[in-house]
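User: I am new to this structure and would like to know what stands behind the terms used for it. Please take me through them one at a time.

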Amino acid sequence: MKKELHIFFTCLMFYSRIPCPKNINHDPDYLNKATRYFPFIGWIVGSISFLAFYLFSLFLSIETAVLLAIIASILTTGAFHEDGFADVCDGFGGGWTKEKILLIMKDSAIGAYGAIGLVLLFLLKFKLLSESISLFTTNIFLIFLLFISSHSLSRLAAISIIFTHEYSRDDATSKSKPIAKKHSWKEITGSFFFGLIPLLAFSFFQSEFLLAIIPVFIMRYFLARYFQKWIDGYTGDCLGATQQVCEVIYYLSILLIWKFI
């Protein structure tokens, strides 16, 4: 149990800005095993985001509360995944070879593709999340499940890429390199367990919502194939971009399922 707690806190430290015990560090072995808890971080981030939404919705408009909820999630993760999304937009938008794409993504400065991508991403996330929440205004628990299922499932889609594809960079000093090692059944089982439980709970109230997993993993498939084509695998930025895109696809899927099914 003590070891598992250490692994969990390693995951929490790496993927969020939430304070952890002082004895926790970025041990490569623990960081590799921490992938089993990555979707569970989505439970935590989603809960914090929902709490911000709920509290602000008590005295502000739904739209303003949604915007502040998105800000809360960004502050919780330190814009970890949004930064990866911006880097992917810059890298694949401005690079035409594997070496050039990886070089651009490693640059800390944000370019035009990244800036435009983030603006469009946040607009889509704000609009789709606002419309999704409007479907469940009479049931606050369903809104809570919407928040945590979107964060956990999108993280599952992202982390599952490391189970099927190879890490692209040869630079052993990369901060994401430790998670790219071989994984045991514990990491795979843990990821899918924590990634799917919120969606299963959500679909208990509306069984059709379980179908949202299909477009999310279709998007995951095409993103992974695109990364493989251009850089022969994935990087940490690619995982962050996948999480962000799949989160948006999830909100869109919920809306379409509600409207047409």
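User: Which residues does the UniProt annotation "transmembrane region" cover?

Analyst: This is a predicted model. According to the unreviewed UniProt entry, the annotation covers residues 40-60, 65-81, 101-124, 136-163 and 192-219. Such annotations may be inferred rather than shown by experiment.

User: What is the helix content of residues 65-81 and how far apart are the end C-alpha atoms?

Analyst: Residues 65-81 are 88% helix and 0% strand, and their end C-alpha atoms lie 21 Å apart. For residues 101-124, the span is 79% helix and 0% strand, with 26 Å between the end C-alpha atoms.

User: What makes the contact of Glu187 with Arg36 a salt bridge?

Analyst: The term requires a side-chain nitrogen of Lys or Arg within 4 Å of a carboxyl oxygen of Asp or Glu. In Glu187 and Arg36, the closest N and O atoms are 2.4 Å apart, so the pair meets the cut-off. This pair links distant parts of the chain: Glu187 is in helix α10 (residues 185-205), Arg36 is in the loop between α2 (28-33) and α3 (38-57), and 151 residues separate them.

User: Why is Glu187 called buried?

Analyst: Buried means under 20% relative accessible area. Glu187 has 2% relative accessibility, so Glu187 counts as buried. Arg36 has 6%, and therefore Arg36 counts as buried too.

User: Which residues are joined into one network with Arg36?

Analyst: Salt bridges that share partners join Arg36 with Glu4 and Glu187. A search of the whole structure finds 6 salt bridges.

User: How do you know that Lys98 and Asp232 form a salt bridge?

Analyst: Their side chains meet at 3.6 Å, N to O, and the cut-off is 4 Å, so the term applies. Here too the pair links distant parts of the chain, with Lys98 in helix α6 (residues 98-106) and Asp232 in the loop between α11 (213-231) and α12 (236-260), 134 residues apart.

User: Where do Lys127 and Glu131 lie?

Analyst: Both are in helix α7 (residues 112-134), 4 residues apart, which is about one turn of the helix.

Technical notes. Residues numbered from 1 in each chain as written. Predicted model: local features only at pLDDT ≥ 70, side-chain atom pairs only at ≥ 80, totals over all residues. Heavy atoms only, no water. Helix = DSSP H or I, 4+ residues; strand = E, 2+ residues; numbered from the N terminus. Buried < 20%, exposed > 50% of the residue type's maximum accessible area, 1.4 Å probe, protein only.
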